[in-house]
Amino acid sequence: SIYQTFSYKIYGPLWKSTYGPLVVVNVASAELIEQVLRQEGKYPVRTDMPHWRSYRELRNQAHGPLTEMGAKWQRIRSILNPRMLKPKHVSSYANTINAVVTDFIQRVTWLRESSGQGVLVNDLTGELYKFAFEGICSVLFESRMGCMEEEVPEETQKFIISVGEMFHLSQIVVLFPQSMWPRLPFWKKFVATWDHLFKVAEDLVLKKMEEIHRNVQLDRNVEGAYLTHLLLSDQMTVTEILGSMTELLLAGVDTTSNTISWSLYNLAKEPEIQEQLYQEVIGVCPGHKVPNSSDIAQMPYLKAVIRETLRLYPVVPGNARVTVDNEIVVGDHLFPKKTLFHLCHYAVSYDENTFPDPHAFQPQRWLRGLEDKSKQHPFGSVPFGFGVRACLGRRVAELEMYLLLSRLIKQYEVRPDPAGTTVKPITRTLLCPATPINLQFLDRRADQATAGASL
Ligand code: HEM
């Protein structure tokens, strides 16, 4: 990401570079990014992901929405989209997610007591990772994984480690030509991490199938989780469902958890913004009321906080598009088919012409009715991507982030690490905190109780 900004300053908004065997055209202005994206065809492709696809071919597994291409990709999306993106379906997940949020808040209480001298939560990103995994599993499988327990189950812990290793090895594998992969010392490890990811998803799918089978035999109602719907609707084979579930799990954990970490990190540094958010939340949900989707709809500031977090820390800092079989014009240049474009979203998000005072955390940029907003280029910050290939989990991710953040801020005042550590972002495929984020969580109710007692 720093490389994006640096190169942009030297070469201007369009330059070529190489990454291993790949030639990449970097695009680093909102106007040019818009130009590339507006010319995308019916079946847009990010990259052909040969390393991820190779694994699936090796093991006879199905491709999911991340790795599939062409008409087959569109078919998968048309089956997966409705229950992931339609507001009516998404809002029905609020109760399920709220149950996980309740457990996370309890876990924060336990972490403060057990290892944080009563206030500190160490490695918040690691904790939020468990929350995001539990959250997405509860939506997809209507199963609880035990990540909010004091001891996280071994299989789950191994899944978490495998995702990290797979992303790490992916970056290395693609530096070599495909013909060399089977002979690379870390190829075996790469395959093993994927085996584990597929196995975790497979166990969950098989468990659900047995449950449905039992319920059908007992003549019980079997409506329910996302997976139940897919299994019952008969539009995909079990292997296809498994391919998609694995990719949804993979896409749905690091992204959400990193974004929540950054939003809390910034709120801790900006007490006034935090106070404004707190006032909005207690205004809409006073007392013990737990927010649902329609309450969230009345919290524009909460949404703006997440939106601004995604501008400053776009978890997907650079996205890609390959022109499949068409030439395209970008700026003054005509590019042949099969050109690989790298869209430098991170660099563009800090463009001061689009976002004045770009390094400042200013949620108000995203509030409606502000004059400033009309100046913002719609492609200045596109954290969930664009068009028919855009993020499949966007609405679910947003719901998870809104529910967790609003309820955490309602209960706790968040303050920076007393050790005063500054945390920088680093790109590990995704944009992650380079060092652990530790924050203080001050219980607002305890404060009120003490204030009451001292009167
Ligand atoms: C803060 C959270 C998230 C962010 C910022 C994010 C961002 C993105 C971005 C930028 C893309 C590429 C879009 C494009 O190429 O135009 C993407 C794709 C995708 N995301 Fe997300 N994502 C998030 C959460 C999730 C969650 C929770 C899930 C799963 C439930 C998910 C599933 C996917 C899938 C399956 C794709 C591939 C779609 C396709 O190629 O058709 N994402 N996401």
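**View 1. Helices H13 and H18 are roughly perpendicular to each other, a class that covers angles of 65 to 115 degrees, with angles under 35 counted as roughly parallel, over 145 as roughly antiparallel and the rest as oblique.** This is a predicted model, in which local features need pLDDT of at least 70, side-chain atom pairs count only at pLDDT 80 or more, and totals for chains, interfaces and linings use all residues. Residues are numbered from 1 along each chain as its sequence is written. Helix H13 covers residues 271–284 and packs against H18 at an angle of about 100°, with the axes 9 Å apart. Axes are lines fitted to C-alpha atoms, for helices over the stretch in contact, and angles run from 0 to 180 degrees between N-to-C directions. Helices (H or I, at least four residues) and strands (E, at least two) are DSSP runs, numbered from the N terminus. H13 contributes Gln274, Leu277, Tyr278, Val281 and Ile282 to the contact, and H18 contributes Ser406, Ile409 and Lys410. Two residues are in contact if their C-beta atoms, placed from the backbone, lie within 7 Å. The contact residues of H13 and H18 divide into 5 nonpolar, 2 polar and 1 charged. Here Ala, Val, Leu, Ile, Met, Phe, Trp, Tyr, Cys and Pro count as nonpolar, Asp, Glu, Lys and Arg as charged, and the others, Gly among them, as polar.

**View 2. The axes of H12 and helix H15 (residues 300–312) cross at roughly 105° and come within 9 Å.** That angle makes H12 roughly perpendicular to H15. On the H12 side the contact is made by Thr259, Trp262, Ser263 and Asn266, and on the H15 side by Val305, Ile306, Thr309 and Leu310. The residues of this contact comprise 4 nonpolar, 4 polar and no charged.

**View 3. The shell around the ligand holds 27 residues, of which Ala251, Gly252, Gly385, Cys391 and Gly393 come nearest.** A residue is near a molecule or strand if its C-beta atom, placed from the backbone, lies within 6 Å of it. Helix H11 (238–251), helix H12 (254–269) and helix H18 (394–411) each supply at least two residues of the shell. By class, the shell has 16 nonpolar, 7 polar and 4 charged residues.

**View 4. The largest nonpolar core has 92 residues.** A nonpolar core is a set of buried Ala, Val, Leu, Ile, Met, Phe, Trp, Tyr and Cys residues joined through C-beta atoms within 7 Å. A residue is buried if 20 or more other C-beta atoms lie within 10 Å of its own, exposed if 12 or fewer, and partly exposed in between, with C-beta atoms placed from the backbone. Leu140, Met245, Leu404 and Leu405 have the most contacts inside the largest core. Helix H7 (residues 124–141) gives the most to this core, with 11 residues. A second, separate core of 19 residues includes Tyr8, Val330, Phe341 and Val348.

**View 5. Asn60 has a positive phi, near 55°, although it is a residue other than glycine.** Most residues other than glycine have a negative phi. Asn60 is in the loop between H3 and helix H4 (70–85). Asn60 counts as exposed because it has 7 C-beta neighbours inside 10 Å.

**View 6. Thr429, which is not a glycine, has a positive phi of about 65°.** Thr429 is found in the loop between strand S9 (425–428) and strand S10 (430–433). With 16 other C-beta atoms within 10 Å, Thr429 is partly exposed.
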